[in-house]
Amino acid sequence: MTASYILILITIYFLFLLVISYFTGKNDTNTDFFKAGKQSPWYLVAFGMIGASLSGVTFISVPGWVAASEFSYMQVVFGYFVGYFVIAYVLLPIYYKLNVTSIYEYLNQRFGTTSYKVGAISFFISRVLGASFRLFLVALVLQQFVFDDLNIRFEITVALSVLLIWVYTFRGGIKTIVWTDTLQTLFMLTSVILSIYFITDELNWSFIDFLNSEELTNYNKIIFSEDFYSKNHFIKSFLGGLFIAICMTGLDQDMMQKNLTCKSLKDAQKNVVSFSIVLVAVNFIFLLLGALLFIYANKMNIAIPLLDGKPKTDLLFPEIALNSGLGSVIAITFMLGLIAAAYSSADSALTSLTTSFCVDFLELEKKENQKKTRKLVHIGMSVLLIIVVIIFKHVLDTNVIDGLLQVAAYTYGPLLGLFTFGIFTKHQVKDNYVWLVAILSVVLIYSFSNIPSENLGGYKVGYELLPINGLLTFIGLWFIRIKSKV
């Protein structure tokens, strides 16, 4: 599939999104931008959240991770599943009771201004880095398979990608996102299913043949419980997934903003529970696709693509879809799936960053010209994402989803500790010292994660860093508590 055809496909796709944006952004009010008028159907939000949760990282990086880690990622996904029930029945009732626009307003009411700002800053850093991870991966693929042929620089690719997102979100905000996410999720899942179908057909297999094949047994081990010291031990992965779900969804303005557009708490809970069930199945399908890609590559002698002279498994899926001679149908469905997966998370990230900055930092409700301020912030957040993605190209050398989950351990830990302390104790804290507790917990956890494994008796640090970080924050808050008189 040539670069020009891919560009035409991208153009048609975004024209379709602009049509949706036109109808959903007619009112162009802050209420619609931030909360969609609290009229979103729960099933629409649930389906759209699948694409937003998976993103381009899952679409490419999870399949690319299979060769090194087999199906161990499912251990993390099982943790996600339990975490979503905590979100539905512990966190959502709090947010709906307080009727918040930004979920970090809870911290202001519970502890005070400093805690509120610490929570908002933690989210802001987390979401900027997370959204940039996702955009980086997609821009990388577009660069390697499209824009290099047109002699367009990576920086221009990134800027164009973010500009397209800004164009269809600057009026409708979250109201537009709810509808575009639904479309994007449909494209993404269709792409994965068709990719599996065409590759198995090329191998002269049915899907059942693939599931029963001896080749699949080289990749499909799920539970790793032999060595507790290893990074992917079941307990460590499960607990990491549990807290990653709670933090990266339940304590994340991006994901919760969609849930808060539902008409009622009951609808929001139905959304989260149904979404959690579907997400387990979808992640398993992605891992099956990953195994199939490596089986196909081995049989057809397709080499892992190189990036800066190093093998990059994240690029195997696009290499096979676009350059292995499987035909235009799989190439088209891959590109649609990739674009959909990428922008279903990036567009909502841009909207939530705008929301958080307006509400948590600028206190928009106290300002004049609120709509103008919101639009200027939206532009500013777009520029920030462009800058961070470009920086990633020069510093990132890990599998993207692994890197994303590692970053979450540092940035979401203070949020986890603050919300846990607020929900499960009745104590107030010395609010002015909360920022110090948050910084100390991150420094300690960073130092711990960089201790060589041989100095820990061979123990390899994994995703358990996130709950440990939250625990350290909780302990720090305990030391600065003001005992309740109740």
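A disulfide is counted here where a pair of cysteine sulfur atoms lies within 2.5 Å, and by that criterion the structure holds zero disulfides. The model is a predicted one, in which local features need pLDDT of at least 70 and side-chain atom pairs count only at pLDDT 80 or more, while totals for chains, interfaces and linings use all residues. Residues are numbered from 1 along each chain as its sequence is written, and side-chain values use heavy atoms, with hydrogens and water left out.

View 1. The secondary structure of the protein chain comes to 19 helices and four strands, where helices (H or I, at least four residues) and strands (E, at least two) are DSSP runs numbered from the N terminus. Of the 486 residues in the chain, 58% are buried; buried means under 20% relative accessible area, exposed means over 50%, and partly exposed covers the range in between, with a 1.4 Å probe and protein chains only. Contact means heavy atoms within 4.5 Å, and among contacts between residues at least 6 apart in sequence, 86% join residues at least 24 apart. Cys262 counts as buried, at 0% relative accessibility, and Cys358 likewise counts as buried at 0%.

View 2. Phe124 and Phe357 form a tilted pair, with 5.9 Å from centre to centre and 45° between the planes. Because Phe124 lies in helix α6 (residues 113–147) and Phe357 in helix α14 (residues 328–361), this pair ties together parts that are 233 residues apart in sequence. Phe124 is buried, with a relative accessible area of 16%, whereas Phe357 is partly exposed, with 26%. Phe136 and Phe154 form an edge-to-face pair, 6.3 Å centre to centre with 70° between the planes. Phe136 lies in helix α6 and Phe154 in helix α7 (residues 154–169), so the pair ties together parts that are 18 residues apart in sequence. Phe136 is buried, with a relative accessible area of 3%, and Phe154 counts as buried at 5%.

**View 3. An aromatic cluster and two lysines over rings.** One aromatic cluster is formed by Tyr95, Tyr104, Tyr106, Phe123 and Phe419. A charge sits over a ring if NZ of Lys or CZ of Arg is within 6 Å of the ring centre and within 35 degrees of the ring normal. The charged end of Lys221 sits over the ring of Phe224, at 4.5 Å from its centre, and that of Lys236 sits over the ring of Phe228, at 5.7 Å from its centre.

View 4. The expected span of a helix is 1.5 Å times one less than its number of residues. Buried residues of α15 include Arg374, His378, Met381, Leu385 and Phe392. Helix α18 (residues 434–449) has 16 residues and reaches 23 Å from its first C-alpha to its last, close to the expected 22 Å. In α18, Val434, Val437, Ala438, Ser441 and Ile445 are buried. Seen down the axis of α18, its buried residues fall within an arc of 100°, so they line one face of the helix; the arc is that of the directions from the helix axis to the C-beta atoms.

**View 5. The surroundings of Leu292.** Leu292 is found in helix α12 and counts as buried, at 0% relative accessibility. Leaving aside residues up to four places away in sequence, Leu292 touches Ile196, Ile199, Thr200, Leu203, Trp205 and Phe210. Leu292 and Tyr219 are 73 residues apart in sequence, and their C-alpha atoms are 9.3 Å apart in space.

**View 6. Two asparagines with positive phi.** Asn204 has a positive phi of about 60° although it is not a glycine, and Asn204 lies in the loop between α8 (174–202) and α9 (207–212). Asn204 is exposed, with a relative accessible area of 68%. For Asn301, also a residue other than glycine, phi is positive and near 55°. Asn301 has its place in the loop between α12 (265–300) and β1 (306–307), and Asn301 counts as exposed at 71% relative accessibility.

Notes. Rings of Phe, Tyr and Trp (its six-membered ring) pair if their centres lie within 6.5 Å; planes under 30 degrees apart count as stacked, over 60 as edge-to-face and the rest as tilted.
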